Amino acid sequence: MPTFNTLGFIGVGVMGEPICRHLATKSGVRVMANDRNAEPLQRLAGHGVVSATIEEIAEHADVIFMSLPSGEIVRSVVEGHGGNGLLQLCRSGQVIVDLSTSPVDLTRAMAAKMAERGILFADAPVMRTRAAAEAGTLAVPVGADDAVFADIQAFIAMFASDVNHVGGIGAGQVVKILNNMVLYETVLALAEARAIGVRAGVDPDRLFQALSQGSADSFALRNHGMKAIAPQNFPEKAFPVTYAKKDLAYAVALAEQVGVDATGARNLIACFDEAIAAGHGEKYAPAISLVFEGR
């Protein structure tokens, strides 16, 4: 692995802040970070992270991580306006790692443009929860060529307990998008089960406890089901309905590109739309349960 002296981090929000903190406290190298919100940057300063502009990060960082809310924001940071994007600012040999969830076609198109300038790229979207990010136990599927993966694997292992090289560029996004598709289709099933069970006279806590002892047991049941859907607890400032809908839209677009009719995912998007229309868009994504409670 080459010697890296400085890491850059763009986007220190809900997931990015704890990830950046792990890198700052474990990597032994300087970490520079950028975000529109000053508060997480102030907290990270206590761990040695230096607040910087994107231009400064591009000038000094050997590896630049991005943790941003959507593919469109990733595109804006990479392509910029008037020559102020990473694509124009970075130099040959620098590595850019996208920890965000971005469309597969956009990821591959951006990587191709970077390759023309000698900029190396990996898509490494993070999986699991904010609590996992805090604990450093995220799961990360990585799309990259072998040499780039070898260069960045140790850094990713500083905030992830499971790091999998799943293929070439774009493969990480495929895995992450399908992970969220399967997860939230299961969440939809749990929301339906709660509504049916309650109307049939079964306590939701007892229902989900019993399901956890049968073949319906799952991560979604034990986390989204028991902790959110059963008690109808959907806080804001967690992974919201709007973000989940975005990821499902990426899944449906990918399905269309490869010729698969993803009926379940399309039905789920309709449920997300109904939840958003009812005012639940910023609530924790299992709040789609409220759609069934209100019918």
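1. Arginine 128 sits in the loop between strand S6 (120-123) and helix H7 (130-135), where helices (H or I, at least four residues) and strands (E, at least two) are DSSP runs numbered from the N terminus. Its phi is near 90°, a positive value in a residue other than glycine. Arginine 128 is partly exposed, because its relative accessible area is 43%, the classes being buried under 20%, exposed over 50% and partly exposed in between (1.4 Å probe, protein chains only).

2. This is a predicted model, in which local features need pLDDT of at least 70 and side-chain atom pairs count only at pLDDT 80 or more, whereas totals for chains, interfaces and linings use all residues. Residues are numbered from 1 along each chain as its sequence is written, and side-chain values use heavy atoms, with hydrogens and water left out.

3. Glutamine 232, which is not a glycine, also has a positive phi, of about 55°, and it belongs to the loop between helix H11 (219-229) and helix H12 (241-258). With a relative accessibility of 25%, glutamine 232 counts as partly exposed.

4. Serine 70, in the loop between strand S4 (63-66) and helix H4 (71-79), is buried at a relative accessible area of 15%. Leaving aside residues up to four places away in sequence, serine 70 touches Thr101, Lys246 and Tyr250, contact meaning heavy atoms within 4.5 Å.

5. Serine 100 lies in the loop between strand S5 (95-98) and helix H6 (104-116) and is buried, with a relative accessible area of 3%. Its side chain makes a polar contact of 2.7 Å with the side chain of aspartate 98; such a contact is a pair of N or O atoms within 3.5 Å, where within protein one must be able to donate a hydrogen and the other to accept it, and residues adjacent in sequence count only if both atoms are side-chain atoms. Not counting residues up to four places away in sequence, serine 100 touches Met66, Ser67, Leu68, Val74, Pro125 and Gln173.

6. The disulfide count is zero, a disulfide being a pair of cysteine sulfur atoms within 2.5 Å. For cysteine 20, which is in no disulfide, the nearest cysteine sulfur is that of cysteine 90, 16 Å away. Cysteine 20 is buried, with a relative accessible area of 0%, and cysteine 271 counts as buried at 6% relative accessibility.
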